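Work through the exercises below with the model open. Each task is followed by a stepwise solution.

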Amino acid sequence: MTAYLAHFLVMVGIYAILALSLNLLIGYSGIFSLAHAAIYGIGAYASALAALKLGVGFWGGMAIAAGVGAFASALVAIPSLRVAGDYYVVASFGLQVVMLAVFMNWTDLTNGHAGLPGIPRPKLFGWVIDQPFEYVFLAAAFAVLTWAICRRLTHSAFGRVLQAIRDDEIAAQAMGKNVVLVKIVIACISSALGAMAGSLYAHYITYINPSSFALHESIFIATLVILGGSERLAGPIVGAFVLLAIPEALKFLAIPDTVAAPMRQIIYGALLIIFMLVRPEGILGRARARAQ
Amino acid sequence: MTAGPAGPIMALEGVARAFGGIRAVEDCSFDVRPGLITGLIGPNGAGKTTVFNLITGFLSADQGSIRLQGRELLGLAPHEVERLGVVRTFQHLRLWGKMTVLENVLLGCATPAGESVFSLFLRAGAVRAEEARARERAMEVLNFFGLTGHAGDFAEDLAYPEQKLLSMARIFATDAPVMLLDEPTSGLDGESLQRIVPMVRRLVDHGKTVLLIEHNMELISELSDQVVFLHQGRVLAAGAPAEITRDPALTEIYFGV
């Protein structure tokens, strides 16, 4: 039971990082991305491969993951964020599709569907973090770090510019803000953090394959942000906790085994719809948004 | 044109811009003199806002040149034009409605350290000091425009005349010497005009140069030191407001009678 709880908390931590980092785009910059699972996957594969093939370990792997994640994001952001509007949704969707194809088909590197086993556990000053509860602390530490980074970015002059761009890009340009550059910078930071979550995941499960990084995962992460409330920093964290807790709680319902899986899916879906009907601004959203 | 004591701070020469077959601005040349209010007038569709968009980099010109103290502005992005010293308001204000009045003005204040991701994390002390200075400056600006009491309100909750003042306040905060005001008096009634018109004059007293678009012929003498009359994208006349408003040919074009 404690191992089960620990696993749940680690996954909440990892998804909190993913949702916090995606919210830098969705909530604070008004850029909707469908590629966060791809970025998560890039981080997981980059970190795993760096550890397995270069022997750099978890910390080196995570640094490489952050760099590769930011780079991949920049490749998409630089051409597509120059164009205003919803163009980035399509471009990020493209990145998601392409990256999943790469994970599945570049078998020399990724081992395709079979995945990469034997990813080493993180070491801290020679101490191997392999107990579930130890990993809870590691995941929590990174979630707190991500929260602190997001807070610093959003509660600053930089955050003010982000919000100005989100609300009126033309006014921001007229006021001397380099809109394209700011958007590219925030896309790269969001991706670096998302890729770090991938690294955390790979070294926790010690095995990765492409199915963890598909499009539905991108949509799931976006759901965490929107359901938790994108206007507040803590919203995505609450979203991650609630949306991971609901399926776990549903496991305790006395449903006959034969219909259990589909019933859980139906209840889960219905709860999502009810949430959005009752609190369209998200669990932690501001009431002001609802009044309009 | 009245010869001012100094040369022009900004000069447009032969500027042209067409949209498809429509020549919105053609062979447009005029000077903006420092420390004065230049009024850009003309009937609807004369190309006044197009001229603003060309100066501020929101539109590219087909030909011509726009120089600010000798530096070419054409070809620059809007944020580069602002950094060289030309700021503008918009006819539809474009305030950040869901941000506070103070935040709207803070976005005009220079905060290079706070806007740089590196210094946010590596030079926290410098960022904090800069932010404190910016807030002080923003409050001064709000005071200048009589908006101090609204600092914490959302911009969208202000009354229209106050929103107009805020649109000027946030660009005043940038320290750019040239301010382009797109119809500062439109949509205002008599009482509000009494607040806005002297405010435009005070901008010049504080060392700004103003180029403004104005529809109200009766206000133009009060509001400007020199007038440029635009018609079908061309400069038809330029000179003292009294000369322009008294010219029967121009009034005929303006009122279409």
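A residue is buried if 20 or more other C-beta atoms lie within 10 Å of its own, exposed if 12 or fewer, and partly exposed in between, with C-beta atoms placed from the backbone. The model is predicted: local features need pLDDT of at least 70, side-chain atom pairs count only at pLDDT 80 or more, and totals for chains, interfaces and linings use all residues. Residues are numbered from 1 along each chain as its sequence is written, and chains are lettered from A and ligands numbered from 1 in the order in which they are written.

**Exercise 1. A helix of chain B**

Task: decide why helix H1 (residues 48-55) of chain B is largely enclosed by the rest of the structure.

Solution. List the buried residues of H1(B): Lys48(B), Thr50(B), Val51(B), Phe52(B), Asn53(B), Leu54(B) and Ile55(B). That is seven of the eight residues, so the helix is largely enclosed. Then step past the end: just after H1(B), Gly57(B) takes a positive phi of about 85°.

**Exercise 2. Two helices of chain A**

Task: describe how helix H11 (residues 235-250) and helix H12 (residues 257-278) of chain A cross.

Solution. Their axes come within 10 Å and cross at roughly 145°. Axes are lines fitted to C-alpha atoms, for helices over the stretch in contact, and angles run from 0 to 180 degrees between N-to-C directions. Now find the contact (C-beta atoms, placed from the backbone, within 7 Å). H11(A) supplies Ile246(A), Pro247(A) and Leu250(A), while H12(A) supplies Arg264(A), Ile267(A), Tyr268(A) and Leu271(A).

**Exercise 3. Where the chains meet**

Task: which helix gives the largest share of the side of chain A that touches chain B?

Solution. The contact takes 21 residues from chain A and 25 residues from chain B. On the side of chain A, H7(A) gives the largest share, seven residues.

Methods. Helix = DSSP H or I, 4+ residues; strand = E, 2+ residues; numbered from the N terminus. Contact = placed C-beta atoms within 7 Å.
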